[in-house]
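This report examines selected features of a protein model. Please consult the sequence and the 3D structure while reading.

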Amino acid sequence: MMLASKEITKMFGRKTAVDHVTLEMEPGHIYAMLGPNGSGKTTWMKMAAGLIKPTSGEMTFEGRPVDIESRKQIAYMSTEPYFYTWMTARDVGKYYGDFFADYSADRYRALLERMELNETLKTRELSSGMMAKLKIAVTLARDARVYMLDEPFNGIDLLARDVIRACILESAAENKLLLLSSHLVEEMEAIADRAAYLKNGVLVECTDLEEMREQRGLSMADRYREIYSHSEGANA
């Protein structure tokens, strides 16, 4: 397994954000991590990225505990803005180049062009949709083994989603693993081949989507509705 958690739990005070989740992810697949707000998606991804430590359990990358070395192989895009406001899009690229040896400036410029972003734009001038595209571009500009994108379609209009979807699919490879979380289940259906459903911090199931369609006659969205239809704030 490339990325795995074993009985992993994360608590913030008395609140349990992730509750004894055992989950294994293999290279060569695009995973969708699904669930309404508060289901534990972001917390699980941040532990996989090595940004926060689990309260108990273990997160591993290629059989070894996630640590500073595994971060060199894992490209994580968070939902929060994480660039200085004085930065231009060009500065963002240089910033990544200083931190990550697998970053490609040429790839970054090509992605910016496809997403219709000018390198001279300052981050403080960007709309939420433009900022989302910038974060995706700089994340995918790395030649990582694992790409994790948390809510990549937030604030993105319909046409821009088509471009982003194409860029994500082009980043897939047999030796790479892609993991995306999103509330836009229909968008995930067009990208992912496996789906992990989290509810109240607990893993409900991780399923092969083609097998689910063939054996159970369910789409990703159908299963989403089955699991979350009675959950407060659930949306498909």
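## The largest pocket

In this predicted model, 16 residues line the largest pocket. Those that lie nearest its centre are L51, Y76, Y82, Y96 and F100. The space in this pocket amounts to about 430 Å³.

Strand β6 (74–77) and helix α2 (89–99) each contribute at least two residues to the lining. Sorted by class, the lining residues of the largest pocket comprise 10 nonpolar, 2 polar and 4 charged residues.

## The open sheet

Four strands form an open sheet in the order β2-β1-β4-β5, and their pairing is antiparallel. Strands β2 (15–25) and β5 (64–65) each have a single partner strand, so one side of each is left without a neighbour in the sheet.

Within this sheet, β1 (residues 3–12) pairs with β4 (residues 56–61) over 5 bridges in the antiparallel sense. T9 is placed opposite S56 of β4. Helix α1 (residues 41–48) lies across β1, β2 and β4, and runs at about 120° to β1.

Most residues other than glycine have a negative phi. H20, which is not a glycine, has a positive phi near 50°. This residue lies in strand β2. H20 has a relative accessibility of 46%, and therefore counts as partly exposed.

E151 is also not a glycine, and its phi is positive, at about 55°. E151 is located in the loop between β7 (146–150) and α5 (158–170). Is E151 buried or exposed? Its relative accessibility is 9%, so E151 counts as buried, the limit for this class being under 20%.

Terms used
Residues numbered from 1 in each chain as written. Predicted model: local features only at pLDDT ≥ 70, side-chain atom pairs only at ≥ 80, totals over all residues. Heavy atoms only, no water. Pairing = 2+ DSSP bridges. Contact = heavy atoms within 4.5 Å. Axes fitted to C-alpha atoms, helices over the stretch in contact; angles between N-to-C directions. 1 Å grid on protein atoms, 1.4 Å probe; cavity = no way out; pocket = protein on both sides within 12 Å on 5 of 7 lines; lining within 4 Å. Points joined across faces, edges and corners; volume = space filled by probe spheres on them. Nonpolar A, V, L, I, M, F, W, Y, C, P; charged D, E, K, R; others polar. Buried < 20%, exposed > 50% of the residue type's maximum accessible area, 1.4 Å probe, protein only.
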